[in-house]
Structures are given as structure tokens and as C-alpha cells.
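I opened this notebook to record what I looked up in the structure. The entries follow the order in which I worked.

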Amino acid sequence: MAKSNGCDKCNDITGASTLDLLNQDLAKQVRTAYDRIEDRGMSACLFGSGGTCCRNCNMGPCQIIDGVESMVGICGATADTVAARNFARIIAAGTASHTDHAREMVRGFIATAKGETPHEIKDVDKLHKMAKIFGIETEGRDKNEIALELGEKALAEFGQQEGELAMVKRAPAKQQEIWRKVGVVPRGIDREITEMMHRTHMGVDQEYQNIMLQAARCALADGWGASMLSTELTDIMFGTPTPKRAIVDLGVLKEDHVNVTVHGHEPLLAESLCLAAEDEEILALARKVGAKGVNLAGVCCTGNEILMRRGIPVAGSFIQQEMVLATGAVEAMVVDVQCVMQSLAQVVKGKHTDIITTNYRAKMPDAIHIQFEEHEAYNSAKEILKHAINNFKKRREFYIPKDKKLDVVVGFSHETINYMLGGRFRASYRPLNDNIINGRIRGVGAIVGCEHYKYADDVHFKIAVELIKNNVLVLATGCAAQALGRRGLLRPEAATEYAGDGLREVCEAVGMPPALHVGSCVDNSRLLIALTEMVNEGGLGEDISELPACGTAPLYMSEKAVAIGQYFVSSGAHVIFQNLPITGAKKFTEFIKGGMKEVYGACWDTEEDPIKLAQKMIKAIDGKREALGINKKQDRVLFDMAMRRDLEGRTLPDTGCGSGAH
Ligand code: NFS
Ligand code: SF4
């Protein structure tokens, strides 16, 4: 490949490592998404990108032109109805993906509580907290017994038909009132997805405002239901993330190790692989083929999960998945579900690398399938590793951009943020709120979601720097967090290099980066909790819509990102994307970008230019500050000695490198 245009783009988006690799002969014949964009030689369909192509029944497909009478659907559907239905179906699909992931995690959790997996209940504190939310007795009970009851109650939430999801009551009281008043409290997770699909079927819900009510209920079932269940139960089982140092980018692959990359989303298998990679039998086999050991590295959100909890390095994000394999240095890429490009099999053609699918729900042509059984987790993991080890001797030409790996500090669960700023003995969000009130920190900006190939503009980095420079603390998840890591923003030193005076002072006092890696995409639920805790701490309003906070998933690719955006908006947080598939429908667009605010106190917005997008976020934050009456220019109080001493006890615990981090 390495066409000049492609390289320019990848230089901007994926960084120097990709460019370095693509300049090597061995990578030149690899065809990547950049090439496919060029090869297609046509731009995307305007009806599709504007949201006004309907193929929901066989009288169509119908391409609708807003305001042109002869161009409504055969059934009479208008542009607003069609765009709303399409948008709602994206949200349903995103929610379904998080839901199915969450369900697997809950099933794994139950199996763990029964002692049927190699894992154990690690975070008993969180187990008790969750038990309380679910009304489960903890007094004098064994942790596995509590966990089993919690797992079964959590599993029941998916199929629940009436009532309210248990974790909705974690939200600020005012938020819950709004949801009850407009009737969008999710009843059961699967029910909301099913109803969304039904209501967008031909000839059902034809009022865009009404369609969007169900879209809100469906998305809330994701954020406060499926995703939150997944995050919390995964934490209980594998440990709640704490700050740790690690490395990211293609350079984490090791020349003298069997490189196994784990790609996808559900960390059950990846956690088993982490355990099995240290098994004596596996190490002996690796040595026998001349390798020093097994080097596990993550890709996409599986990568985020084991990065956050174990400090296992991340080889690449979504946009780098083809590059990871193009190195020729990977013995096996193990995949489960979501965000896995079908092109991977073509990238490894002629190489020794195996793509191993492990989930019956996600098979790929030209891949090997080794079914992962949670009851046989350890043996499945060992079988996969043996396969990879066997490939090591077949490795031929390879190139690892060795100097391309970046140090990062990760593991900022909402509990960690609490602890970091509040101190071990009185962990609380008070210091964060105080620093926002006194203006040292202007507000909180969430940068989440995917990457794609449409904007070759280093988007995440530019937005983050603009925010940090203006004293906005950045919280990042998903592939966006990895992108910030590759550009050096997840290091504490980045505060000195990029942050405005106020934010820099806080970061330097605590020793934290100005952009905090909060986790995978399901871990956006951590952000909901963090925002709620900020509300509960006091001084910043009564619900999320009053907080000086704003979110973006600029380079969103997946339907999941839209579901996430929708649950944030419905929870009162303003969200700005670079584009949304709604532009072909005027009234619907006005509703999404304005009307929703009257209902939830927040709405969507779009802005293609990264700097302008960041400025819009800052403007939204300033608007909230003004409404709270904390916008007055305060004399910048420098930290005095007492304040410094107070914060010094909270310096990042140096937990060293997680297993395999270096
Ligand atoms: Ni999120 Fe994660 Fe990445 Fe996007 Fe895909 S890996 S779940 S969907 S591409 S951030
Ligand atoms: Fe066309 Fe209506 Fe059928 Fe959609 S539902 S394809 S707009 S006829």
C-alpha cells in the first residue's frame, strides 16, 4: 500500500508508528481501510449520510427529500420520521451490542461465584455496595453466596418486563424525576431494545418526538443498565482499576516473545489468557520453540479492559488493528465480538499469523475457530496459547516499530478519581468540586468513542489539547483514550506541557495526567457515576444538566457510540459529535440539537472542525458555570504550603508495571 494519500492520513490519525511500518517493504503489499476508501472511488450516498434512506419495508427502499412532496416514502413517511427511525435503530443496535456483552459478563460472574471459572470475587467492597443497590443481604454471608444472588438478580434485569432497572436509582434524584415524568425509565433491558425495533417497523411510531422518547429509554437501559452492570460486575470479578503505568502503540510487540494480541470486547477470555500466559507448562513450551515467553497485548476495548486492570500493554486501537498484523510479528490474534474488521484475514495472508475466533456469535471466513467455554476457561486459554506458540517458529520477515511505544498512566475508575483527589482517608469528590468552583478546573470534558478514516486531522489530540489548555479536565474512554495515549497525553508530564495554569497546578500537586483514561466503552457508565457523585457532593447544582461538563465522541464509527451519546444526553450531559446521520431532516435535526434540551436539560450538537468542537464544549461548560454563578473571575489562588501538604498525601500510588507491561 503506502499510497501517499493513505500515508498522510495515517500519519495524522494513527501516528508515527503506522507511518514507520507502512514505509517498510513488508507492509507495502498490505491493503488497509485507507486503500479501500481510495479504491471505492465514490463518496457516500447522501441519503444514507443524511439519514433519509428507508429500507424498512419492501415497498422501498425509499430515498426521501425533505420538503419535496413527491419525494416522501411510498407509505407517506416524511424525512423527519425516517431519520428519527434510522437514528433510533442505530441506538437500538448499539444498546443491543452492549447488552449482549453485559449478559456474557454476568453469566461469567455467576459461573465465577459458583467456582466454575479460574477467576474469583476480588472486590468485596464493591460487591457489598452492589448488593445494597439490589437489596441483597450481606451480613454474615460468604462472598460467593452474595455474588451468586447478585449475578442472578442482575441477569433477571435483562428479561425484566415491568418496573424499573435497579441502578436507575443511583442517578441524581432530580434526574430520576425527569425520567419518570416523561416516562423513559427503562423497565427491562431487552424489552426496550425490542420495543425500539417494533416502534420503528413500517407503520408504527410516526412522530419523531415520540420515537425519540423510546430511543432515550432504550439508551438509558444501556447506560444505567447493561453497561453499568457489565462494568461493576467485571470490576468485582477482576478488580476495580487503580492507577498503573503501562505502554501503548505498535512498539509493545516483542521480537523475542510469542506475541498474542487480544481484540474485541468481553474480557472474560482475555483475563483467562493473562492467567494462562504465566502457566509453567505454557512458558516451557514457549522456551522450547526459542521464545522468552508469551507477550500478551490488547487491541480495541479488550485492550482497554486488561490495560486498566492489569497494565497489559495495548498494541493498537480500532484504527490500528490491520497495522498490528501487518508487522508480521504476531503469532495469533484472538478475537471475540465487535469492531473486528473482516479485512484481518486478508492482512495475514501469506503470514504465519492465525486469526482465532472464539465466540460462536462471531465467526470469520479464513479464521480458525476455538470456542471459548467459560466453564473450561483455563483450558480454552491454554489451547489458544499453544496454537500461538506453535506458530512462533514459522515467523518470517517482520518489523516492529520498536521505538514507537508510549508511556501512559491508566486506571482511573470513578473510585480512583475519588481517592486521588480526596485522599485515602476521606475519599470524596469534594476537592474536584472545589477546584471547579474556584475556577482552577473549568469543568470536565469527556472524549470517548472510536476512530475512523473520514477526518485525517488528529482529531482527538487537537480537541484534548484545546480543552486542557483551557483548564478543562479530560476524561477519556475507548479508542479515543488510546489515541490520547499514543500522543502522550496520558502522562503526568503532559500537564506541564499542555495544561492551563489552574489545571496544571492540580495535576502537578496530585501527580496525575490532564487526561484520565477511565476505561473501555462500556466503562462510560463510570462517567455517569462520576458525574452523579459530583452532583451529590454539592455546590454544582442538582442534576447532571447543571454540571460544567460536556462530552464528545468525535470520530464515532460504531452504533454503540450513538447509544452512548444518547444516554448521556438523556442523563443531562451535552454531547457534540463531528457529524450525525440526521442532516436530511430539518425538524428532526432541530429537535435533536435543541428541542431535547427542554426535556432533559441537554441536547446533541455537531461540529466538524476539532478546534471549533472543543471551543463549543468550552462554551457549554462556561454556560453552566454562569448559570451556577461560579463564572466570576476569581483571583487565581496559588496553592499555599498547607494546601500542597494536603494534596501531597494523594500522589499517584506507584503500583509499578502490571504483569507484562514492559
Ligand atoms: Ni467503543 Fe470499543 Fe473502539 Fe469504538 Fe470499537 S473498540 S466499544 S466501539 S472502535 S471505541
Ligand atoms: Fe418506503 Fe415507507 Fe417502506 Fe420505508 S416504510 S421503505 S419509507 S414505504
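This is a predicted model: local features need pLDDT of at least 70, side-chain atom pairs count only at pLDDT 80 or more; totals for chains, interfaces and linings use all residues.

**Entry 1: helix 23**

G511 takes a positive phi of about 85 degrees.

I then turned to helix 23 itself, which spans residues 501-510. I noted that the helix is mostly covered, with seven of its 10 residues buried. The buried residues are G502, L503, E505, V506, C507, A509 and V510.

I next examined a charged pair, E508 and R504, whose side chains meet in a salt bridge at 3.6 Å, N to O. Both residues lie in helix 23, four residues apart, which is about one turn of the helix. I recalled that an α-helix has 3.6 residues a turn, so residues three or four places apart point the same way. I recorded E508 as partly exposed because its relative accessible area is 42%. R504 also counts as partly exposed, at 25% relative accessibility.

**Entry 2: domains 1 and 3**

I consulted the domain assignment, which gives domain 1 (82-238), domain 2 (249-394) and domain 3 (407-628).

How much area is buried between domain 1 and domain 3? I recorded about 3100 Å², of which carbon and sulfur atoms give 70%. On the side of domain 1, F87, H98 and Y208 lose the most area to domain 3, together 18% of what that side buries.

I listed three salt bridges across this interface. I also listed 10 residue pairs in polar contact across the interface of domain 1 and domain 3.

**Entry 3: pairs from distant parts of the chain**

I looked up R361, which forms a salt bridge with D100, the closest N and O atoms being 2.7 Å apart. R361 is in the loop between strand 8 (354-357) and strand 9 (368-369), whereas D100 is in helix 6, 261 residues apart. I noted R361 as partly exposed, with a relative accessible area of 26%. D100 is partly exposed as well, with 28%.

I then examined D279 and K382, whose side chains meet in a salt bridge at 3.5 Å, N to O. D279 lies in the loop between helix 12 (267-276) and helix 13 (280-288) and K382 in helix 17 (residues 377-392), so the pair ties together parts that are 103 residues apart in sequence. I found both D279 and K382 to be buried.

Is E331 buried or exposed? E331 counts as buried because its relative accessibility is 0%. I placed E331 in the loop between helix 15 (321-326) and strand 7 (332-335). Its side chain makes a polar contact with the side chain of H352 at 2.6 Å. Leaving aside neighbours within four places in sequence, I noted contacts of E331 with several residues, including H257, N259, D354, N391 and R395.

**Entry 4: backbone features**

I looked up D249, where phi is near 100 degrees, a positive value in a residue other than glycine. D249 is found in the loop between strand 3 (244-248) and strand 4 (258-263), and it counts as buried at 5% relative accessibility. Q338 has a positive phi of about 75 degrees although it is not a glycine. I placed Q338 in the loop between strand 7 and helix 16 (344-347).

Finally, I recorded that the peptide bond from G60 to P61 is cis, with omega near 0 degrees. P61 lies in the loop between strand 1 (53-54) and strand 2 (62-63).

Notes:
Residues are numbered from 1 along each chain as its sequence is written. Chains are lettered from A and ligands numbered from 1 in the order in which they are written. Side-chain values use heavy atoms; hydrogens and water are left out. Domain bounds come from an automatic or database domain assignment. Buried area is the accessible area (1.4 Å probe) that two parts lose on being put together, summed over both. A salt bridge is a side-chain nitrogen of Lys or Arg within 4 Å of a carboxyl oxygen of Asp or Glu. A polar contact is a pair of N or O atoms within 3.5 Å; within protein, one must be able to donate a hydrogen and the other to accept it, and residues adjacent in sequence count only if both atoms are side-chain atoms. Buried means under 20% relative accessible area, exposed over 50%, partly exposed in between (1.4 Å probe, protein chains only). Helices (H or I, at least four residues) and strands (E, at least two) are DSSP runs, numbered from the N terminus. Contact means heavy atoms within 4.5 Å.
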